[in-house]
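Have a look at the structure below and turn it around slowly.

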Amino acid sequence: MDLDAVRTFVAAADTGQFQEAAAELSVTQQAVSKRIAALEKDLQVRLFTRTARGARLTIDGQAFLPHARELLRVAERADASVRPGRRALRVDVVNRRIAPAVLLQDFYRMHPEIELDVVTLDADTDVADAIAAVAAGTIDATFHAVPAQQQLPEAIKAARVINDRHQLLVGPRHPLANASAVTPAQLAGHRIWMPGLDRGNEVAAYYRELAAAFGLTIDMLGPVFGNEALLAEIADSPDVATLVGERSRYLWPDSYDLRRLPVRDPTPIYPLSLIWRGDNPHPALAELRGYFQLRRVDAPDGEVWMPAWIRPLRSGALTAGTTELAD
């Protein structure tokens, strides 16, 4: 059905005059008459009775009017669902507990007028799958570590935006529980339990290289029963710990008495990049990138460790490829 004709019908019904409808729609009165005639032919009914005083709806016209209004409302919603700036910016935060989700919430606090659709892709999604989702338009942006060997499609841009420092999470009976901070060398010989990371993605590759670099025992095997079960296990154990991101959000009962200890000298950091399509015109995407641009710092304080395979950091603008670093 011709929506212009439907829109013209509604305007004529509201004004009662083809001439006034033409003025409202910025078309000629002849165009209004042709659109109405075409709609009547399509519907095989008369919608108006023409009189000396104007146009009056027939019984069929009265029956059609509420449906015509609904057609226009649906068309407006359909348009808004895809038009840049009128639909929500869809951002994959990977996990609602970790740094991208925390920082995206900070962004929203600064820009509450921007509508966000915050999603998490499938748990098995790796950086290649996430890039494919951005390229396909399933999401507007995502956060992942981008290996140097990762091939980016021509339309895809990636910029380092988060250095997520590590902390050790331990229970009150753990030998390191009372330390103010720990070094990677001190973690050697202690079991670091991170179940569910035995997948062949960039996260698992990061922790395998970390373990190899400092002689750590990182146990990635075993079923995942959820964060609550993991925290309860750590609280009750004298020898089990796990690594968490500095910005990751965890809540536990006071009785657990868990401690988050900074890891230093060097500080392992998990470098996350914002990934987006360079030709995506959504204005909120530009705002999001600008937010991270303003937060940029040259490097984390002190000595840090990153895996050798991470895409190198170079100076430049956030708008052009893998360049900037924020913390």
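We will visit the pockets and then some salt bridges.

Keep in mind that this is a predicted model. Start with the largest pocket, which holds about 1100 Å³ of space. Its lining is made up of 41 residues, and Asn-95, Arg-97, Ile-98, Leu-197 and Val-203 lie nearest its centre. Several elements give two or more residues to this lining, including α8 (202-214), α9 (227-236) and β6 (156-170). Sorted by class, the lining has 22 nonpolar, 12 polar and seven charged residues.

Now move on to the second largest pocket, with about 180 Å³ of space. Here 12 residues form the lining, among them Arg-165, Pro-262 and Thr-267. Strand β6 gives the most to this lining, with three residues. The classes in this pocket are two nonpolar, four polar and six charged.

Next come the salt bridges, and the count is 11. One of them joins Glu-70 and Arg-73, whose closest N and O atoms are 2.9 Å apart. The two are separated by about one helical turn because they sit three residues apart in helix α4 (residues 59-82). Glu-70 is partly exposed at 32% relative accessible area, and Arg-73 is partly exposed at 43%.

Arg-109 is exposed, with a relative accessible area of 55%, whereas Asp-106 is partly exposed at 25%.

Finally, find Arg-259 and Asp-257, whose side chains meet in a salt bridge of 2.7 Å, N to O. Arg-259 is partly exposed at 22%, and Asp-257 is partly exposed at 33%.

Technical notes
Residues numbered from 1 in each chain as written. Predicted model: local features only at pLDDT ≥ 70, side-chain atom pairs only at ≥ 80, totals over all residues. Heavy atoms only, no water. 1 Å grid on protein atoms, 1.4 Å probe; cavity = no way out; pocket = protein on both sides within 12 Å on 5 of 7 lines; lining within 4 Å. Points joined across faces, edges and corners; volume = space filled by probe spheres on them. Helix = DSSP H or I, 4+ residues; strand = E, 2+ residues; numbered from the N terminus. Nonpolar A, V, L, I, M, F, W, Y, C, P; charged D, E, K, R; others polar. Salt bridge = Lys/Arg side-chain N within 4 Å of Asp/Glu carboxyl O. Buried < 20%, exposed > 50% of the residue type's maximum accessible area, 1.4 Å probe, protein only.
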